[in-house]
Amino acid sequence: MSLRRFGKVVGFPLPKTEQEWALLYARHKIVLPNVTALKLEHSTKMKGNTGARHFKSYKLPPITHWNKQITFSEVKHGKDTPFTFMPSLIVTLKSGEEKSILIKDKKSHEILREVAALDPLAEVAPRPLQGDPFCHL
């Protein structure tokens with residue numbers, strides 16, 4: 001199994017210089033000024049949790065890069081998790097309010113869209129198009 005990692009695209013080299021990393025983060029800019037904490041609760045093996053794992057691997061690095069005020073915590077459940085378990089993402093806002101998002105069977109960009117909808121000042125860069133020659137960065 002290959003390692004899931006932000007910036008890793010099959011057939012393209014990883015960014016090496018500071019400029020390449022800056023370009024990569026700029027293309028995936030996610031600013032959430034009213035969010036103070038994210039808590040991801042998911043299973044490591046169960047069906048319907050893939051979007052949560054991909055969110056952690058691919059969407060969380062740009063969120064933590066652009067939002068230094070956000071703290072992230074993760075609760076992983078193993079194989080002994082009950083079948084009725086529902087993965088969730090708990091978003092804590094600046095006002096102290098906590099919002100829970102059920103993320104079972106959702107893709108990582110759908111989860112990101114729901115998190116951004118909770119913050120009226122959110123700024124999310126559009127997804128790169130497939131024909132874009134630099135879509136891998």
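Predicted model: local features only at pLDDT ≥ 70, side-chain atom pairs only at ≥ 80, totals over all residues.

Which residues of the largest nonpolar core touch the most other members?

Reply: The largest nonpolar core has 18 residues, and the ones that touch the most other members are L32, V35, L38, I63, L89, V91 and I103. As for where the core comes from, the elements that give two or more residues to it are β2 (35–43), α2 (50–66), β4 (88–93) and α3 (108–118). Of these, α2 gives the most, with four residues.

To place those elements, take the chain as a whole. It has three helices and six strands, and from the N terminus they run α-β-β-α-β-β-β-α-β. There are 137 residues, and 34% of them are buried. Among contacts with a separation of 6 or more, 70% are between residues 24 or more positions apart. The accessible surface comes to about 8,500 Å², with 57% of it belonging to carbon and sulfur atoms.

Now the sheet. Four strands make it up, in the order β3-β2-β4-β5; it is open, and the pairing is mixed. The edges are β3 (71–77) and β5 (98–102), each of which pairs on one side only. Ignoring direction, neighbouring strands are turned by 15 degrees against each other on average. Helix α2 packs on this sheet, where it touches β2, β3 and β4, and its direction makes about 160 degrees with that of β2.

β2 and β3 pair in the parallel sense, over seven bridges, and H42 stands opposite K76 in β3. β4 and β5, by contrast, pair in the antiparallel sense, over five bridges. There, T92 stands opposite E98 in β5. The hairpin that these two strands form has four residues between the strands, and G96 takes a positive phi near 95 degrees in it. The other helix to look at here is α3, which lies across β4 and β5 and runs at about 25 degrees to β4.

With that in place, go back to V91, one of the core residues that touch the most other members. Skip its neighbours within four places in sequence, and V91 is in contact with V35, A37, L38, E97, E98, K99, I101, V115 and L118. V35 and L38 in that list are themselves among the residues that touch the most other core members.

For the view from the helix, pick A52, which lies in α2. Why does A52 count as buried? A residue is buried when its relative accessible area is under 20%, and A52 has 0%, so it is buried. Again leaving out neighbours within four places in sequence, the contacts of A52 are L40, H42, I103 and I111. H42 in this list is the residue that stands opposite K76, and I103 in the list is another of the core residues that touch the most other members. As for L40, it is 12 residues away from A52 in sequence, and their C-alpha atoms are 7.6 Å apart.

Moving away from the core, look at the charged pairs. The count comes to three salt bridges. One of them joins K29 and E123, with the closest N and O atoms 3.6 Å apart. K29 lies in the loop between α1 (18–27) and β1 (30–31), while E123 is in strand β6 (residues 123–124), so this pair ties together parts that are 94 residues apart in sequence. Both ends are partly exposed: K29 has a relative accessible area of 26%, and E123 has 40%.

K99 and E97 have their closest N and O atoms 3.2 Å apart. K99 is partly exposed at 30%, as is E97 at 38%. The remaining bridge is between the side chains of K106 and E114, at 2.4 Å from N to O. K106 is partly exposed, with a relative accessible area of 23%, and E114 counts as partly exposed too, at 30%.

Conventions: Residues numbered from 1 in each chain as written. Heavy atoms only, no water. Buried < 20%, exposed > 50% of the residue type's maximum accessible area, 1.4 Å probe, protein only. Contact = heavy atoms within 4.5 Å. Areas by Shrake-Rupley, 256 points an atom, 1.4 Å probe, with all protein chains shown as cover. Core = buried A, V, L, I, M, F, W, Y, C linked by side-chain atoms within 4.5 Å. Pairing = 2+ DSSP bridges. Axes fitted to C-alpha atoms, helices over the stretch in contact; angles between N-to-C directions. Salt bridge = Lys/Arg side-chain N within 4 Å of Asp/Glu carboxyl O.
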